[in-house]
Protein chains: 2
Amino acid sequence: MNYYYDYKEFILDAKKLTKDIDYEFDTIIAIARGGLTLSHILGEHYNIRKVYSINTIGYDNNQKLNNIKIFNIPDLKDSKNILIVDDIIDSGDTLKLVLDTLYEKYPNCTFKSASIFSKKTASIQPDWYIQEAKEWIDFFWSISTYPKD
Amino acid sequence: MNYYYDYKEFILDAKKLTKDIDYEFDTIIAIARGGLTLSHILGEHYNIRKVYSINTIGYDNNQKLNNIKIFNIPDLKDSKNILIVDDIIDSGDTLKLVLDTLYEKYPNCTFKSASIFSKKTASIQPDWYIQEAKEWIDFFWSISTYPKD
């Protein structure tokens, strides 16, 4: 049974996030694609124009599945405090790799992370999240699962 | 009187866009922030992982207002056909500058553009859009205008 996550719940959760996040940041990075809509709503809320994306893709490596490659790493030379956002922290591998990659490239920046959902079993937790994910989630930004299709 | 554009209308308009767009593309670029949510939903629909953002900011230049600066130009060396998306084409100046900038940097790529809204008075029209904008639009991704605040 999938859980359908609709935009009303998303707006309420995004509002909760803005109340929880006690961190001043100048840049938002969405882990694409999942974090894009959240980055949009937070960028509008905080009136931050530096809303970037960073992209990941899984690939096979000698039959070891679930390796992740990062691309489209944004130029952060004019940034100092960054909030990384995603829709869900699942295994935590993607967030960990994004954080490791960005810290290595920009050791003088501060990176914090926020998501709507996180799983208890994730290898890393974001600094802020709203809901624990216990089942598969169909997000409203997937047209194919839109109930009124 | 502002027009409130909610997510239900957005989902329907995004679906219409996917029916109208007769163009095969490998990359989506959101003009941030306005195009971010649309880029997310289209990226999911077409299963495209190369969803990037490009950013603009207005600045003053010798008292001539409304100059636009572009930053965070994505690396398109692995892209060929690109769809640029925004929520609304207003004056058209931003889209024009984005197109000019990207064509100059990547003359061998093809760029097409899509938006939800466009204004008749815009200096340039996107290749595809759904609605004509006749008044100020409050988009659902602005928490502050969420009706059930």
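In which helix of chain A does A:His40 lie? A:His40 is part of helix H2 of chain A; helices (H or I, at least four residues) and strands (E, at least two) are DSSP runs, numbered from the N terminus.

This is a predicted model, in which local features need pLDDT of at least 70, side-chain atom pairs count only at pLDDT 80 or more, and totals for chains, interfaces and linings use all residues. Residues are numbered from 1 along each chain as its sequence is written, chains are lettered from A and ligands numbered from 1 in the order in which they are written, and side-chain values use heavy atoms, with hydrogens and water left out.

A:His40 counts as buried, at 0% relative accessibility; buried means under 20% relative accessible area, exposed over 50%, and partly exposed in between (1.4 Å probe, protein chains only). Apart from its neighbours within four places in sequence, A:His40 is in contact (heavy atoms within 4.5 Å) with B:Arg33, B:Gly34, B:Leu36, B:Thr37 and B:Trp141. Between the side chains of A:His40 and B:Trp141 there is a polar contact of 3.2 Å. A polar contact is a pair of N or O atoms within 3.5 Å; within protein, one must be able to donate a hydrogen and the other to accept it, and residues adjacent in sequence count only if both atoms are side-chain atoms.

**The interface between chains A and B**

In total, 38 residues of chain A are in contact with 38 residues of chain B. The area buried between the two chains is about 3,700 Å², and carbon and sulfur atoms give 58% of that area; buried area is the accessible area (1.4 Å probe) that two parts lose on being put together, summed over both. A:Arg33, A:Arg49 and A:Ile143 supply 23% of the area that chain A buries against chain B, more than any other three residues.

Between chain A and chain B, 20 residue pairs are in polar contact, both residues being at pLDDT 80 or more. Helix H1 (7–20), helix H2 (36–46) and strand E3 (51–61) of chain A are the elements that give two or more residues to the side of chain A that touches chain B. H2(A) gives the most, with eight residues. The residues of this side divide into 16 nonpolar, 13 polar and nine charged. Here Ala, Val, Leu, Ile, Met, Phe, Trp, Tyr, Cys and Pro count as nonpolar, Asp, Glu, Lys and Arg as charged, and the others, Gly among them, as polar.

**Salt bridges**

The whole structure holds 10 salt bridges over all chains, and the count between chain A and chain B is two. A salt bridge is a side-chain nitrogen of Lys or Arg within 4 Å of a carboxyl oxygen of Asp or Glu.

| Salt bridge | Closest N and O atoms |
|---|---|
| A:Glu44 and B:Arg33 | 3.6 Å |
| A:Arg33 and B:Glu44 | 3.5 Å |
| A:Lys119 and A:Asp90 | 3.3 Å |
| A:Lys96 and A:Asp100 | 3.1 Å |

A:Arg33 is buried, with a relative accessible area of 9%, whereas B:Glu44 is partly exposed at 24%. Within chain A, A:Lys119 lies in the loop between strand E6 (110–118) and strand E7 (128–132) and A:Asp90 in the loop between strand E5 (81–89) and helix H3 (93–105), so their pair ties together parts that are 29 residues apart in sequence. A:Lys96 and A:Asp100 both lie in helix H3 of chain A, four residues apart, about one turn of the helix.
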